[in-house]
Amino acid sequence: MILLTPEAHLPAKSGHAGRQSFAPPPAGGHLQSLHGGITKATPSPERWSEVERVLDGALDLDPEERAAFLERACAGDPALRSDVELLLRDCDRTEGFLEQPAAEYAAPLVRHLEEQLGPPAGGMRVGPYRVVREAGHGGMGAVYLAERDDDQYRKQVALKLVRPGLALDDHLIRRFLEERQILASLDHPHIARLLEGGVTPDGLPWFAMEYVEGTPLDRYADERQLSISQRLALFLTVCDAVQYAHRNLVVHRDLKPANILVTAEGQVKLLDFGIAKLAGESSVAGADASAAARRLSVGVRPMTLEYASPEQIRGEAVTVASDVYSLGVLLYELLAGQRPYRPAGHQRLELERAILEGEISPPSLAAGDETRRHLRGDLDSIVLKALNKEPSRRYPSADALGEDIRRHLACLPVTARPNTWTYRAGKFIRRRRLGVLAATAVLITLLGGLASTAWQARVAAREASKEREVRNFLVGLFRVSDPMESRGRDVSARELLDRGARQVDVGLAGQPEVQSELLGVLGEINGQLGLYGRADTLLERSVRLSRALRGESSAQLADRLVEWADVRIEQGIYHSADSLLRQALAIRRRQFGPEDTSVASTLRALGSVERRLGNFEPANALYREALAIHSRWHGGDELAVAMDLESLGELLDETGDLAGADSALRAAVGIRRRLLDPTHPVLMRSLHLLAVNGVSRGEYREAERLEREVLAVEQQTYPDGHPWVAYALHGLALTVEAQGRFDEAESLYVRALEIRRRFLPSDHTETVSTVNNLALVRYRTGDLAGAEAGLREALASWQRTLGDGHINTMTALNNLGAVFSDEGRYSEAEPLLRQALALRRSNLGDSNSDVASSLRNLGILLHRTGRDGESERVLTEALAIDRRVLPRGHPRIAEVETALGELLNDRGREAQAEPLLQEALAIRSLKLGPTAGATAVTARALGVALAGLDRPQEAEVFLLESYRNLNSVPGQWGIREKNESLRRLVAFYSSRGDHKEATRYRALLASATP
Amino acid sequence: MTPIDSNDSPETQRPITDLLLDIGAGRTEAIDRLFPLVYDELHRIAHRVGSNERTDHTLGTTGLVHETYLRLVDQTRVGIQDRKHFFSLAARAMRHVLVDYARRRRALKRGGNQEPLRLDEGVTAIDERAETLCALDEALTRLAVLDPRLAQVVECRFFGGLTEEETADVVGTTSRTVRRDWTKAKGWLYRELTA
């Protein structure tokens, strides 16, 4: 019996019935029994309302009348009655239960806890420290000033400990330990350092940090009346610190002036990673999954609203971009003297709405008159970019933000501004004189947004010469066309170039040195615009002039040689390019030493040539050497490193190291996204290469996405066409084709080819590449004549320009053979396929997917010509190679498995065929789609296997499905495969004795086009 | 009553009152924003009271929620409806505050707390209360699934310390129903805790 008195305490589940609730239970036993009572199944709400209804009725009556009532009300439902009865009994008993208000009941508990774990009073000891006083509030509780209790020295630290007064304990302690762990991993001069940590006798953790005595950043700047440049300098150190944290995977999430102190010595210190999170985890400060828990963790102070990013307010994933945003607000405040949002009222709600939707007026407008001039333009753009409401449109990192500020300070163009004539021209005028080639660099960048970094690099290493003449010349050019009409870029560029070429001859006849330089410049520009014929002529003249003027060893000659080689490469004249580059390399090594950046870029160019010639090992070595030099040079020229990585990636892709290629290319993209304008052609190329690699790895949809991005940008930049647009079209066509969308692919290839034929010489490898691919697609769509013609053209061209040992030639051989084989022209096909296979083996080795592809084609041919034994051997080898070389789930594996499966079926070994076909079907369903033609072919083969294994129900499903899907595939190939499906269906139903069905399908077969 | 802390300036009152009015106007998202503020306030009170023995203000006063109401809300701007919303919120907040303490005690005991296990009556009574509060909280959560109104009545009466009339206001029914609800709920809870 449990005693109940008016001041009754709640029932104690001590299991000691009959004793007073204060009797000491066995240690632990008390807890267990309560827990035991908790896990019970609760009735459903419907059930409950029934119970309640009856209960209500019963409670209204006197006890004597209840029995009869229950009898009636619960007729036929004894369970109901028993439930109600039990409850009734409890209702009667509970006189004193819960009558004491909870607050009173809990009072001793609260008091005890607050006493035991109250805030540290002065003098309290924590580890080797003694608390002096409270020093402030952080993101997660109070911070205390403490001193070390030694005789030797009184070091002051900032002490943080877990203190109640906030929410859930486990949660709190976990967060606290996270902060400690985060701080322990950060070691940076501008981040408050963790000194040591421990656990109090109560079992609660604490840690001691470097005690920073300083002024919040904004006040510091105001008190000392710092100039804009000085403020920017301070801000840059903050960016550095934040970037460091990000690199260690820590997102601060609460950046604001109060957390950024500046000491008396002018040192910046970043504080309070209290609500910091390790990057990759989402969620707002301290939130758990359930909203209820989020409300409970309320004691963790919500991030300071004024500096919070839109996604933080919405409770979405918080990333480094959120920190960038907060930095943006900080920068705004530093520059303009006030915050970006100042809603009329001071409501939290209004401020939230402003941050989420409100427009920000540029800092220059918000600032005072003195600073407005400085802020307008670059700084405005930089701040607004950082404050973009879309995280992906902000700077990708604190570093990128800092970088742009540094560029502004150096009078270089910042990435936040659009790439216009006037902007860049203006920038040039303000920049310090850097010599002749600086002027020419301007010309290039003005005329098409081309990569100017290489130029700048060279410029920095040169001395000024002939500067004035060249500048005057260029200024003269500019004066002719109004810089304001910047829209029709290409047209005016060509005009300028023509005019330029004429004037070089005429106007600079007496200055051969300048002539030579400018010829080089113009040649390069022509090359960049795809006008290779002109470029070639100009450059050849420029080289000749340079040789005549300066002899064989001048640095200028090396420059001209490289410029010329570049164009040669684009024209596909590789051997010539190779020799030119080697000459240049020798000169540069002599003139500048082996570690010079110009040597590195020459090495890279040479590597590219070797690659195109198919000499992969030498290419690899050259690229790596270039990469090493660039990485070592002056702390790393990042864009050059990116270029090297990209080249390496291309090479690895070609030689089959797909994963390696993917990493290298991604690294290059990463650097470029950070440093370049989002529409920059170099970045586009990177994305394209990444897509190509994606295709090789079988990630078609991702690749398609990338290519579409590239194409959109290229088309906008060059509406009249350009080799780069063709590049993008071709790339996109590849991804689309790989997914089986042949008609779409065909039209894309056609467009690409048209552009390439327009701009490039006819044997140019890119043109031929498109010819090859187009031919294959035509084959798929049933244009056999077109396919054969295209393939013959491609093969002939590559044999001519690249020789037999080149990958492209082997591809063409393989393709032609495969097409013939598919058409049944086996005697023509076989020699081609065997030749391709032999070439591939000898050039690529035995672990290459292209070899497997050849083996597969050969295997299929052998199967079709009745040489099953050899076919099996060949196909098995193909599968082994592909399984070894390609990632799991690659569509090529499915191709081979299907071929092998079909063979094994025909040899009566369906048991072996089945697992292969199951896997192939899974891959194809996933990568190509469940209703794609190729998938249907595999399904059919699987159906055949299952029929042979006497599993007719399953077999029927697959056979029918295969027929259904192939029925809607257009073109010759589709028709052929559909008929094969019909044939198999007929065979299936016949063998099962289902003559009705067999006849039906036989009729369909007869009426179909043979 | 001695004020616990002078946090009742118009400055702090304004946002809270605004939020309360928002709730009345049907903007339910304001509930999420008001709740933490009320929670904070109640917690602050509990904290001060608990840590200072010599106060003539004991935690057990049933007027706690009322007092908080007077302190946090600008009376001149709100009506009876708004008071209702506040009470409902405050009762829930009070529940959270107390259950937090209970859980903390449990966690401390479990989490390697160095405190030696004493057979001292005072201490074990505290553990008992902590356990019971947690069990009650959990049972109440289950009751809310079955019958939300009953659970709310318990929250108002037991945790919030509201009178029958005040509870009836909040829940939207009569005192008589509240009384009946209270009986049923207690019966159910009792059953849950002792089964």
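This passage walks through a predicted model of a complex, from its overall make-up to single residues.

Residues are numbered from 1 along each chain as its sequence is written, and chains are lettered from A and ligands numbered from 1 in the order in which they are written. Because the model is predicted, local features need pLDDT of at least 70 and side-chain atom pairs count only at pLDDT 80 or more, while totals for chains, interfaces and linings use all residues; side-chain values use heavy atoms, with hydrogens and water left out.

For the complex, the predictor gives an ipTM of 0.86 and a pTM of 0.38. The score called pLDDT is the predictor's confidence in each residue, from 0 to 100. Chain B averages a pLDDT of 78, and 76% of the residues score at least 70. Helices (H or I, at least four residues) and strands (E, at least two) are DSSP runs, numbered from the N terminus. In chain B, helix α6 (residues 148-159) has the highest confidence, at 93, and helix α2 (residues 29-51) the lowest, at a mean of 77. Two stretches of chain B call for some care. Over residues 1-7 of chain B, pLDDT stays under 50, and the model has 17 contacts beyond four places in sequence for them, a contact being heavy atoms within 4.5 Å. Over residues 111-122 of chain B, pLDDT likewise stays under 50, with twelve contacts beyond four places in sequence. Where pLDDT is low, the predicted coordinates should not be read in detail.

Of the 1010 residues of chain A, 53% count as buried; buried means under 20% relative accessible area, exposed over 50%, and partly exposed in between (1.4 Å probe, protein chains only). Among contacts in chain A between residues at least 6 apart in sequence, 60% join residues at least 24 apart. The accessible surface of chain A is about 43,100 Å², and 51% of it belongs to carbon and sulfur atoms. Accessible areas come from the Shrake-Rupley method with a 1.4 Å probe, and for residues only the protein chains shown count as cover.

Aromatic rings come next. Rings of Phe, Tyr and Trp (its six-membered ring) pair if their centres lie within 6.5 Å; planes under 30 degrees apart count as stacked, over 60 as edge-to-face and the rest as tilted. By this rule the count comes to nine aromatic pairs over all chains. One of them joins A:Y963 and A:Y1001 edge-to-face, at 6.1 Å centre to centre and 80° between the planes. Because A:Y963 lies in helix α43 (residues 952-967) of chain A and A:Y1001 in helix α45 (residues 995-1007) of chain A, the pair ties together parts that are 38 residues apart in sequence. Both A:Y963 and A:Y1001 are buried. In chain B, B:Y69 and B:F86 form a tilted pair, 5.1 Å centre to centre with 55° between the planes. This pair links distant parts of the chain, with B:Y69 in helix α3 (residues 64-72) of chain B and B:F86 in helix α4 (residues 80-110) of chain B, 17 residues apart. Here too, B:Y69 and B:F86 are buried. Helix α3(B) itself is mostly covered, with seven of its nine residues buried, among them B:L64, B:E67 and B:Y69. Back in chain A, ring pairs link A:Y963, A:F988, A:Y989 and A:Y1001 into a cluster.

Charges meet rings as well. A charge sits over a ring if NZ of Lys or CZ of Arg is within 6 Å of the ring centre and within 35 degrees of the ring normal. A:R148 lies over the face of A:Y129, at 5.6 Å from the ring centre, and the charged end of B:R157 sits over the ring of B:W182, 5.1 Å from its centre.

Most residues other than glycine have a negative phi, and most peptide bonds are trans. A:Q225, although not a glycine, has a positive phi of about 50°; A:Q225 is placed in the loop between α7 (217-223) and α8 (228-247) of chain A and is exposed, with a relative accessible area of 69%. A:D950, also not a glycine, has a positive phi of about 60°. A:D950 lies in the loop between α42 (933-948) and α43 of chain A and counts as exposed at 63% relative accessibility. A:N814, in helix α36 (residues 807-823) of chain A, is buried, with a relative accessible area of 5%. Leaving aside residues up to four places away in sequence, A:N814 touches A:L833, A:A836, A:R840, A:S853, A:S854 and A:N857.
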